[in-house]
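Hi,

Here is the structure for you to look over. My notes follow below it.

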Amino acid sequence: MIKSWILFVASRYIFKGRSSSPILAVLGIAVGVLALIVIISVMNGFQLGFIESILEVSSYHLRLDNFNEDDTEMLRELMLSLPGVKSVVPFREFQSLARGRRANQQAVLVRGLNENTLEIDKTMGEKLDFEAGFFDLSSPDNVLLGAELARRLNNSIGDEITLYSITGILSSEDEGGYKNFIITGIFRTGYYEYDCSWAFINLDSISFLDDDSDLKLGIKLTNRFHDRNIKGQAEKLFINNNISDEIKLSSWRDYNRSFFGALRTEKLFMFVLVGLIFIVVGLNIFQAQRRSVLQRREEIGLLRAVGGKQNSVRLVFILDGAIIGFTGASLGVIGGLFIAFNIQKFFSFVETTVNIFIGIINKIALFFGAGMTENFAVFSPAVFYIKEIPYRIIPLEIVMIFMFGFLSALVAAAIASEKAIKIKPAEVLRYE
């Protein structure tokens with residue numbers, strides 16, 4: 001239990017002191033916490049958006065291939081029997097060349113799906129934002145194109161395009177290896193690579209293209225981080241049912257490993273760089289507390305003389321650091337979450353403010369006959385492939401950021417207070 005006099009003295013040193021150091025320390029921690037929350041939230045929005053597009057549209061959580069196609073239904077039922085497996089989707093994919101209007105050509109990754117895929121895999125449907133048309137693969141002649149791919153081919157809904165199977169052309173002896181399709185949907189995933197080079201067709205249509213791509217099963221889990229556990233259970237299940245050893249079950253961690261690793265490293269370094277703010281603030285608090293100890297030598301000597309123990313006197317300054325850290329971190333969390341939840345309005349305000357100054361500069365420049373300065377945009381559509389700024393709040397990270405801010409002040413105060421217990425009352429009060 002902390003004695004009441006310790007709390008009284010600690011609060012008096014902060015709120016009744018003449019120094020502005022506590023206020024500056026609180027502001028420093030608040031700004032650091034606020035900046036880190038906003039930066040990490042926006043970074044999470046970009047990174048998780050990319051990761052979810054890859055997992056939900058492309059690689060799935062687990063992927064099963066190199067199996068006998070006659071065993072497809074049996075393997076599908078076996079996987080669905082495992083707890084944590086949400087859906088199993090059969091598909092084929094191959095590289096193709098698409099030809100649209102005016103003989104525009106574009107390399108395309110074509111994936112064959114069943115017409116009821118979105119009924120089975122609902123999370124995939126959530127990532128496909130159809131700008132025109134809808135998910136319609138009911139006919140072998142239907143095709144769905146990414147928005148950027150349709151723009152490059154200069155095609156729209158209802159137009160006809162031709163898909164050429166590269167392996168089909170090379171292996172066919174006759175004129176096969178291509179087929180005409182009607183565009184029934186134009187989608188956008190938010191991931192540029194998919195929007196500019198992906199197409200979906202009916203699974204049965206691949207046979208018309210003379211393509212020999214293997215059938216695969218894409219598996220979605222209720223929690224993608226349980227992939228290792230479910231993969232181990234599935235492999236045991238295959239052994240118990242005498243399924244071929246050549247069957248291959250891959251996890252999402254095996255796909256785009258370097259990409260996911262780069263995102264993780266980027267986030268770690270962002271934590272470190274912005275975390276340097278807390279180190280600077282901590283050093284300022286350390287110096288302020290050391291100065292406070294020296295300035296209050298007589299007061300500390302008096303507290304010791306009337307019965308205050310060494311640790312009790314030290315606790316006064318540690319509590320100062322705790323109050324500074326808690327106040328600054330709390331204000332930073334509140335401000336950071338407010339900005340994160342209103343990120344569009346915040347950046348609009350920043351852009352408007354900056355553009356007002358740019359407008360003033362332009363008028364001055366015109367007066368002197370100088371060139372014009374372009375308007376400022378934080379995330380320009382010409383540079384970033386986004387319609388709006390994404391954000392994602394992860395509670396655990398908010399707690400970690402709060403603790404960084406709080407502990408930076410607490411540890412700095414604890415180290416600085418070491419000098420307080422070395423003060424001897426007799427030496428300080430000798431000439432008082």
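Asn104 sits in the loop between E2 and strand E3 (105-113). Helices (H or I, at least four residues) and strands (E, at least two) are DSSP runs, numbered from the N terminus. This is a predicted model: local features need pLDDT of at least 70, side-chain atom pairs count only at pLDDT 80 or more, and totals for chains, interfaces and linings use all residues. Residues are numbered from 1 along each chain as its sequence is written, and side-chain values use heavy atoms, with hydrogens and water left out.

Asn104 counts as partly exposed because its relative accessibility is 26%. Buried means under 20% relative accessible area, exposed over 50%, partly exposed in between (1.4 Å probe, protein chains only). Leaving aside neighbours within four places in sequence, Asn104 is in contact (heavy atoms within 4.5 Å) with Ala98, Arg99, Arg152, Leu153 and Asn154. Asn155 is 51 residues from Asn104 in sequence, yet 9.6 Å away in space, C-alpha to C-alpha.

Next, Ser58. This residue is in helix H2 (residues 21-59). Ser58 counts as buried, because its relative accessibility is 11%. Not counting residues up to four places away in sequence, Ser58 touches Ser53, Arg63, Arg111, Tyr194 and Trp198.

Last, helix H3 (residues 72-80). Its buried residues are Thr72, Leu75, Leu78 and Met79. They lie on the same side of H3, because they cover an arc of only 130° around the axis. That arc is taken from the directions from the helix axis to the C-beta atoms. The buried residues of H3 pack against strands E1 (62-65), E2 (85-99) and E9 (216-221), and against helix H9 (227-240).

Best wishes
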